[in-house]
Amino acid sequence: MDKHVEIKPVIISENYKEISAMMHELHLHEHSLFDKTASWSDIEDSYMRHIIKMQQECDGTCLVAYLDGVATGFIFGYVEDQDDSRIEVYLGKELYVSDGYVAKEAREQGIYKTLNSELEQIYVKKGVRRICRFTLVNNTRARMFLDGEGYTVTRLLYEKWL
């Protein structure tokens with residue numbers, strides 16, 4: 001039987017439990033790649049408040065992928081206005097893709113690629129011409145995906161934990 005994937009925009013505050021559950025899984029994955037990732041139970045309230053605010057105040061979009069009617073992945077991004085303190089040539093609106101996740105059992109089916117493509121198209125229609133996102137240096141799957149989608153590494157973040 002073919003599985004049917006439907007992508008829908010959702011309001012995070014109205015789908016809190018569903019989005020928070022997928023965020024929890026995302027944070028578990030990130031913790032497996034970087035042991036300094038905070039426990040979801042420690043940051044859930046504040047982080048969910050943050051993304052709800054970004055959706056409401058910064059033209060944020062949360063797309064959820066439903067596989068046979070079950071939420072199986074999501075992507076979230078919002079617009080950041082650039083000011084004249086930037087050193088880059090581009091000063092227009094910028095899409096910041098802050099979070100994305102697809103459940104393990106639904107991977108390798110193009111779901112994240114579809115979520116990403118739909119999110120990009122929403123903002124291209126709004127005039128956004130720059131998209132920024134972060135991923136962990138050892139998240140090779142995400143890095144390969146981003147390379148394949150035309151993203152370019154422009155900066156490296158160095159940290160020193162004291």
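Is Glu108 buried or exposed? In this predicted model, Glu108 is exposed, with a relative accessible area of 69%, and its place is the loop that runs between β4 and α3 (111–124). The phi angle of Glu108 is near 65°, a positive value in a residue that is not glycine. Most residues other than glycine have a negative phi. A positive phi is also found at Asp68, where the value is near 50°; Asp68 belongs to the loop between β2 and β3, and with a relative accessible area of 41% Asp68 is partly exposed. The β2 and β3 hairpin that contains Asp68 has two residues between its strands.

The strands form an open sheet of five, in the order β1-β2-β3-β4-β5 and with mixed pairing. On average, and with direction ignored, neighbouring strands are turned by 25° against each other. Strands β1 and β2 are paired in the antiparallel sense over six bridges, and within this pairing the bridge partner of Glu6 in β2 is Tyr66. Strand β2 (residues 61–67) is likewise antiparallel to β3 (residues 70–80), to which seven bridges join it; Val64 stands opposite Phe74 in β3, and Thr61 stands opposite Gly77 in β3.

Helix α2 (residues 40–57) packs on this sheet, where it touches β1, β2, β3 and β4 (94–102), and the direction of α2 makes about 65° with that of β3.

Strand β2 is mostly covered, as seven of its seven residues are buried. In a regular strand the side chains alternate between the two faces of the sheet. In β2, Thr61, Leu63, Ala65 and Leu67 point one way, whereas Cys62, Val64 and Tyr66 point the other way, and all are buried. For Cys62 the relative accessible area is 1%, and this residue is therefore classed as buried, the limit being under 20%.

A search of the whole structure for disulfides finds zero. Cys62 is in no disulfide, the nearest cysteine sulfur being that of Cys58, 15 Å away. Cys132 is also in no disulfide, and for this residue the nearest cysteine sulfur, again that of Cys58, is 15 Å away.

Helix α3 consists of 14 residues and reaches 20 Å from its first C-alpha to its last, which is close to the 20 Å expected at 1.5 Å a residue. Its buried residues are Ile111, Tyr112, Leu115, Asn116, Leu119, Glu120 and Tyr123. Seen down the axis of α3, these buried residues fall within an arc of 165°, so they line one face of the helix. An α-helix has 3.6 residues a turn, so residues three or four places apart point the same way. The elements that cover the buried residues of α3 include β1, β2, β3, β4, β5 and α4 (140–148).

In the segment after α4 lies Leu157, which counts as exposed at 67% relative accessibility. Leu157 and Leu136 are separated by 21 residues in sequence, and in space their C-alpha atoms are 9.7 Å apart.

Technical notes
Residues numbered from 1 in each chain as written. Predicted model: local features only at pLDDT ≥ 70, side-chain atom pairs only at ≥ 80, totals over all residues. Heavy atoms only, no water. Disulfide = S-S within 2.5 Å. Buried < 20%, exposed > 50% of the residue type's maximum accessible area, 1.4 Å probe, protein only. Pairing = 2+ DSSP bridges. Helix = DSSP H or I, 4+ residues; strand = E, 2+ residues; numbered from the N terminus. Axes fitted to C-alpha atoms, helices over the stretch in contact; angles between N-to-C directions. Contact = heavy atoms within 4.5 Å. Expected span 1.5 Å × (residues − 1). Arc of directions from axis to C-beta.
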